[in-house]
Amino acid sequence: MASGRNIPELPRRTALLGLAGLGALTLGGCRLAVNEARGADGGGPRQGGTLILAVNSEPTPARVQSQGPTSTTWRDLVFETLTAYDSSGTPQPALATSWELADGGRTVTLRLRDDVRFHTGRPMTAQDVMFSLRRTTQPAAQSQVSSISKLIKDMSAPDAHTVVLRLSRQASNLFDLFQFCSVVDEESARGLDDGSAVIGTGPFRWESWTPGSQLTLVRNTGYRVPGRPYLDRIEQPLITDPTALVTAIRGGRAHIAYGVGPMDARGLSTDDRFTVNQGISVAYSAGMNVTKPPFDKVEVRQAVGYAVDRKRALNQIFAGYGESSSLWWTRKEPGWDAAQAAAYTYDPARAKAMIAGAGAAGARVTMDVIGIQAARSLAEVVRYDLEAAGLRVAVRVLDTVDFTRRMANSSLEGELFLNGYGLSDMSAATFVSSVPAFALKNASRFESPEYATVMNQVLTASPGQRQPAVRRLGTYLQEQAFEQCFLVTQAVNVQSNRVRDLGQTAVGSFVLTDTYLV
């Protein structure tokens, strides 16, 4: 692409899942997208225009260095990262033009572009990169890659466009850090906390934000790529009601709708006016407290994997968008294994026999569920199937903040807990080191020296060791079964076919540098 980022155009008619928000909000005074289109169909890119990107999640500026719905729709429009994965999972230059690893991967030298300026006009330097790397370790950033940046024991800048990192050990997931380390302006970084100053180097500037209503971005006229971006303006109205979100895109009051529900996406996918595209991957998984009966017995934990009809859940809840899987990471991980992804197939008779054989038939369990609609719907399928296998299940829904807090400090009270994890596109090393359910001190209270060894092998693997290390981890997790993965799905966005050359990163963030309207 002309922006220097190797990000492929999205495939057409790719229909995958979306997580719908709650509540209601209309588009209010938002102008009609059809009236903002420039030119006619064909004839190449058009300069100018306002793109309406309706979203179902409020932006959180402080989380610019994290992965999730609160950052996906604007992060890579306003900010840029050191490197960016292409569709094959290979890191490509972005703000870093090249890199060199030495000393067994413990010394990393990054060469930076010398033509990058923040939206204030100040040149970006190595000092900003070092500040941004340090910021990922701070609690306010809520960055899922903080465990990687904490390996940096020393940083130095031999000159204004070179950064040297010295790590305490080799990190197999180092480029996950570079993918999510949005480079922020040190001089205005405090403004990220409340959105009063959101200064990046990207093709669009953060112009205004009214919480609960709309975010507005405008063209960065000083962007280093001549003639880019094409768009003058991007408006992101917040529409948390799923019906209103669909109405906005179907009625022409939005060019793109982010967060459309899977059933709605299925309906829109048959309309020639729209294209449905995939976004970030989400793994839905159930954890079990191994210190409480009946899940103190490994055969009962394994039985959960055979008891749940993943394909029925995929079709009924996610309209068939995604895939059933016993693995938490996707094919983008070099260690992904097809046999492991299919390790637990639906076998209710086997599940029932395993539970009965363990003396657990009729056992009462409570399943704590994160309070998002997709998880709540999946919980009902899981409850039904586990009861058919011999357990008696009560479902308790917790609000998202409470559930997340309890999982992080291992204080969930239920014997079983169900959640969705949005890091499946990243490396297995980042997934298990960033998700509390898989930490050495985890919500399942599973502890084992062998687990520590297997995880450490994944975290420290060289490129040649990565695949076998990840597969050993997958085997171990499936044998011990303190977590059972059911589905890996993707967030969804629906675009009007008036939008051309829409881009997304390999982890689902929007890239609109080359996007134009017809």
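**Group meeting: a predicted single-chain model**

Good morning. I begin with one unit of the fold: strand S14, helix H11 (residues 373-388) and strand S15 together make a right-handed β-α-β unit. Right-handed here means that, with the strands pointing away from the viewer, the path from the first strand over the helix to the second runs clockwise. Helices (H or I, at least four residues) and strands (E, at least two) are DSSP runs, numbered from the N terminus.

This is a predicted model, in which local features need pLDDT of at least 70 and side-chain atom pairs count only at pLDDT 80 or more, while totals for chains, interfaces and linings use all residues. Residues are numbered from 1 along each chain as its sequence is written, and side-chain values use heavy atoms, with hydrogens and water left out.

Let me turn to the chain as a whole. It contains 15 helices and 21 strands. Its radius of gyration, taken over C-alpha atoms, is 23 Å, close to the 24 Å that the globule rule gives for 518 residues, so the chain is as compact as a globular protein of that length. The globule rule is 2.2 Å times the number of residues to the power 0.38. Along its principal axes, the C-alpha trace spans about 70 × 55 × 35 Å. Of the 518 residues, 59% count as buried, where buried means under 20% relative accessible area, exposed over 50%, and partly exposed in between (1.4 Å probe, protein chains only). Among contacts with a separation of 6 or more, 73% come from residues 24 or more positions apart; a contact means heavy atoms within 4.5 Å.

UniProt, in an unreviewed entry, lists residues 90-433 as "domain: Solute-binding protein family". The positions are given in the numbering used here, feature names are shortened, and annotations may be inferred rather than shown by experiment. That span is 29% helix and 26% strand, and its end C-alpha atoms lie 21 Å apart.

Next comes an open sheet. Four strands form it in the order S4-S5-S7-S6, with antiparallel pairing; two strands pair if DSSP finds at least two bridges between them. Strand S4 (96-102) and strand S6 (152-159) stand at the edges with a single partner strand each, so one side of each has no neighbour in the sheet. Neighbouring strands are turned by 20 degrees against each other on average, direction ignored. Axes are lines fitted to C-alpha atoms, for helices over the stretch in contact, and angles run from 0 to 180 degrees between N-to-C directions. S6 and strand S7 (residues 162-167) pair in the antiparallel sense over five bridges, and Asp159 stands opposite Thr162 in S7.

Which helix packs on this sheet? Helix H2 (residues 126-135) does, touching strand S5 (107-112), S6 and S7, and its direction makes about 170 degrees with that of S6. Eight of the ten residues of H2 are buried, so the rest of the structure largely encloses this helix. Among those buried residues are Val129, Met130, Phe131 and Leu133. Their cover includes helix H3 (146-149) and helix H4 (174-180), along with S5, S6 and S7.

I return now to the opening unit. S14 (residues 364-370) is mostly covered, with five of its seven residues buried. S14 pairs in the parallel sense with S15 (residues 392-398) over seven bridges, and Met367 stands opposite Val395 in S15. S14 also pairs in the parallel sense with strand S16 (residues 416-421), over three bridges; here the bridge partner of Asp368 is Phe417.

H11 also takes part in covering another helix, H7. Seven of the ten residues of helix H7 (residues 298-307) are buried, so H7 is largely enclosed by the rest of the structure. Besides H11, the cover of its buried residues includes strand S12 (274-288), helix H15 (463-480) and strand S17.

Ser281 lies in strand S12 and is buried, with a relative accessible area of 3%. Apart from neighbours within four places in sequence, its contacts include Thr330, Tyr421, Asp425 and Val488. Ser496 is found in strand S17 (residues 483-496). Is Ser496 buried or exposed? Ser496 is buried, with a relative accessible area of 11%. Leaving aside its neighbours within four places in sequence, Ser496 is in contact with Ile249, His255, Arg273 and Phe274.

Thank you for your attention.
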